[in-house]
Amino acid sequence: MSEKTKEIKLANQDEAEVKKIILTVFNALKEKGYNPISQIVGYILSDDPTYITTHNNARNLIRRIDRFELLQILLRDYIASGDTGR
């Protein structure tokens, strides 16, 4: 018996705003000496905001973004860039 595929309904946040927030968070992490990619990935996987610094209000900003929406934007941009590792 096959199970039906679950569909995720996204909030459709403003993509430009999401990108602006991620860049702000990235820069705040970098300014504080963290590896921004590792910290953001840790946050996405765990939903634990302590992966994100409070510097420049980064922790509050990233919590405004739906994590599924963020992953969708990141994956869409990655695929659109054509950099699939080949």
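**Salt bridges and a nonpolar patch**

Student: Asp 47 first. Buried, partly exposed or exposed?

Tutor: Partly exposed, because its relative accessibility is 39%. Keep in mind that this is a predicted model.

Student: What does the Asp 47 side chain meet in a salt bridge?

Tutor: Arg 67, at 3.4 Å from N to O. The pair links distant parts of the chain, 20 residues apart. Arg 67 is in helix H4, and Asp 47 is in the loop between H2 and helix H3.

Student: And how accessible is Arg 67?

Tutor: Arg 67 has 26% relative accessibility, so it counts as partly exposed.

Student: How many salt bridges does the structure hold?

Tutor: 4. One of them joins Glu 15 and Arg 76, at 2.6 Å from N to O. Glu 15 lies in helix H1 and Arg 76 in helix H4, so this pair ties together parts 61 residues apart in sequence.

Student: What does Lys 19 pair with?

Tutor: Asp 77, with the closest N and O atoms 3.1 Å apart. Lys 19 is in helix H1 and Asp 77 in helix H4, so parts 58 residues apart in sequence are tied together.

Student: Which residues are linked in a network of salt bridges?

Tutor: Glu 15, Lys 19, Arg 76 and Asp 77.

Student: New topic. Which residues make the nonpolar surface patch?

Tutor: Ile 37, Val 41 and Leu 45 make it, with an area of about 310 Å². Val 41 is found in helix H2, residues 36-46.

Terms used. Residues are numbered from 1 along each chain as its sequence is written. This is a predicted model: local features need pLDDT of at least 70, side-chain atom pairs count only at pLDDT 80 or more; totals for chains, interfaces and linings use all residues. Side-chain values use heavy atoms; hydrogens and water are left out. Patches are made of residues with over 30% relative accessible area and no salt bridge: like charges are joined within 9 Å, nonpolar side chains (Val, Leu, Ile, Met, Phe, Trp, Tyr) within 5 Å. Accessible areas come from the Shrake-Rupley method with a 1.4 Å probe; for residues, only the protein chains shown count as cover. Helices (H or I, at least four residues) and strands (E, at least two) are DSSP runs, numbered from the N terminus. Buried means under 20% relative accessible area, exposed over 50%, partly exposed in between (1.4 Å probe, protein chains only).
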